[in-house]
Amino acid sequence: MTERTIYVFAKSGVSITRINGAATNQNDIIGNALNGDAFSWEVPYDLALTFSGPTTAIHFDDSDGYLTDDPFSGATVIDQRLTQSLNINGTTYNPSNETIRWKYPPPVGVENEYEVTLYDAAGHSYRMVGVSITQGYTTQVVGVMFEGDQPPAGTKLYYLQRISSYSGYGQSTPIIDPVTCFLAGTRIETGDGPRPIESLRAGDMVRTLHHGMQPLRWIGHSTVRGIGLNAPVQIAAGIMGNTEALSVSPNHRILLRCAEAELFFGSTEVLVPAKFLIDGQSVRSMPARQVDYLHMLLDRHETVFSNNVATESLFAGQVALDSLDTAAVDELRDLMPGLDLRHHRLSHRSLNRGEAALLLSHLRAGGTGMRLPGIMLSAPPARTRKAA
């Protein structure tokens, strides 16, 4: 299982009126749509929807990269169980380790309850997903998100009677996680010593932990709003032997090496997403108005040295490919034919949130304090002689 995060507009932050601004017949269309197309029950009136307030993060375990309807097998919850406490619309939902729906405390799951097609004033369509929380056999729609493009802030969307569509059974939507990235300015260890990542080009030799010097096949760049899923995570200088702070995207995995990892997970070296290391002090989320992220692809998933700390290169699995824009994926396919057909494997085992919390709690109990057992480049690299 992998922990996923989605961001929803709470039900209390969605306003629905008739297209002329008058009140609707129902007080809770978003919630009522759990039982059918409650939007169409307002016929003959078209509806106008506005979305206000910040979005709310919902964290859950997921096995396939999709938010689906009814992730159950009989009475057993098999996917999409809540992993962190959630407060939304004035109600708090707490995760449970239980998987059998009729037991107490019951399992708590996240679902794609329904999907509705909405339109803006120019006729562009948007797919709105009703997100529900199920506790045992009780289901409540708590908010909405969008599949694919999200409307710009302040955009009013419309449900058009007999044009807009509704789906309330068996639907699923892909969960797109941001790809793993380095913040611009990060120094990557190369054959010529540490270099800012933005100065690297395809063909440059990059130092890896287990396979020596390897050629850089592709480097990508994206500029995004550094909030929510895209907010950089900063590891303070000295916490992992790094002489300067290291900033990466939240899903970027850091390699840890310690005896405790072997005790719990059968290997002294494990990958941990940066977001699982956040403690609010030495490792912090650092939201920013805008950030420049860069991605590095090698022939295989490798461990490289960034600001002297062992971290992962881009893992070219399907989730990563889904996260990149079309132009970037097309460029990758041109450079590496058959990319989608390769059998991609992580260089090391990657811990989920619960596993990372277990490891970190034992490390801190053992007296490591705020320090983390990262892997440093132990000796200055040999310089390569440039061609005359």
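Where is N89 found? N89 is in the loop between β8 and β9.

## Model and confidence

This is a predicted model. The average pLDDT of the chain is 86. A score of at least 70 is reached by 87% of the residues. Residues 379–388 are the stretch to treat with care: their pLDDT is below 50. Beyond near neighbours in sequence, this stretch has 12 contacts in the model. Where pLDDT is low, predicted coordinates should not be read in detail.

## Overall make-up

The chain has 388 residues, and 48% of them count as buried. DSSP runs give 29 strands and 5 helices. Of the contacts with a separation of 6 or more, 67% are between residues 24 or more positions apart.

Strand β1, residues 2–10, pairs with β4. The pairing is antiparallel and runs over 7 bridges.

## Nonpolar cores

How many residues make up the largest nonpolar core? The core holds 34 residues. Those with the most contacts inside it are M240, L256, V270, V272, L277, M296 and L359. Several elements give two or more residues to this core, among them strands β24 (253–257), β25 (269–273) and β27 (288–297), and helices α2 (259–265) and α5 (353–365). Helix α5 gives the largest share, 4 residues. A second, separate core has 21 residues, including V14, I29, A33 and M128.

Leaving aside neighbours within four places in sequence, L256 is in contact with M240, V270, V272, L277 and L359, among others. The contact list of L256 also includes T268, E269, P373 and G374.

C258 is found in the loop between β24 and α2. Is this cysteine, C258, buried or exposed? C258 is buried, with a relative accessible area of 10%; the cut-off for buried is under 20%, so C258 qualifies. Not counting residues up to four places away in sequence, C258 touches T268, L359, L363 and P373. C258 and E269 are 11 residues apart along the chain, and their C-alpha atoms are separated by 6.8 Å.

## Aromatic rings

The model contains 7 aromatic pairs. One of them is Y126 with F146. The two ring centres are 6.5 Å apart, with 80° between the planes, an edge-to-face arrangement. Y126 lies in strand β11 (residues 125–135) and F146 in strand β12 (residues 138–147), so the pair ties together parts 20 residues apart in sequence. Both Y126 and F146 are buried. Ring pairs also link these two with F9 and F51 into a cluster.

Two arginines sit over ring faces. R18 lies over the face of Y45, at 3.7 Å from the ring centre. R101 lies over the face of F72, at 3.8 Å from the ring centre.

## Backbone exceptions

Most peptide bonds are trans, and most residues other than glycine have a negative phi. This model has some exceptions on both counts.

Which residues does a cis peptide bond with omega of about 15° join? The bond joins V43 and P44. P44 is in the loop between α1 (29–32) and β3 (47–51). The peptide bond from Y104 to P105 is also cis, with omega near -5°. P105 lies in the loop between β9 (91–93) and β10 (108–119).

For Q80, phi is about 65°, although Q80 is not a glycine. Q80 lies in the loop between β7 (76–77) and β8 (86–88). Q80 is buried, with a relative accessible area of 0%. For N89, phi is near 55°, again in a residue other than glycine. N89 is partly exposed, with a relative accessible area of 31%.

Terms used. Residues are numbered from 1 along each chain as its sequence is written. This is a predicted model: local features need pLDDT of at least 70, side-chain atom pairs count only at pLDDT 80 or more; totals for chains, interfaces and linings use all residues. Side-chain values use heavy atoms; hydrogens and water are left out. pLDDT is the predictor's confidence in each residue, from 0 to 100. Contact means heavy atoms within 4.5 Å. Rings of Phe, Tyr and Trp (its six-membered ring) pair if their centres lie within 6.5 Å; planes under 30 degrees apart count as stacked, over 60 as edge-to-face and the rest as tilted. Buried means under 20% relative accessible area, exposed over 50%, partly exposed in between (1.4 Å probe, protein chains only). A charge sits over a ring if NZ of Lys or CZ of Arg is within 6 Å of the ring centre and within 35 degrees of the ring normal. A nonpolar core is a set of buried Ala, Val, Leu, Ile, Met, Phe, Trp, Tyr and Cys residues joined through side-chain atoms within 4.5 Å. Two strands pair if DSSP finds at least two bridges between them.
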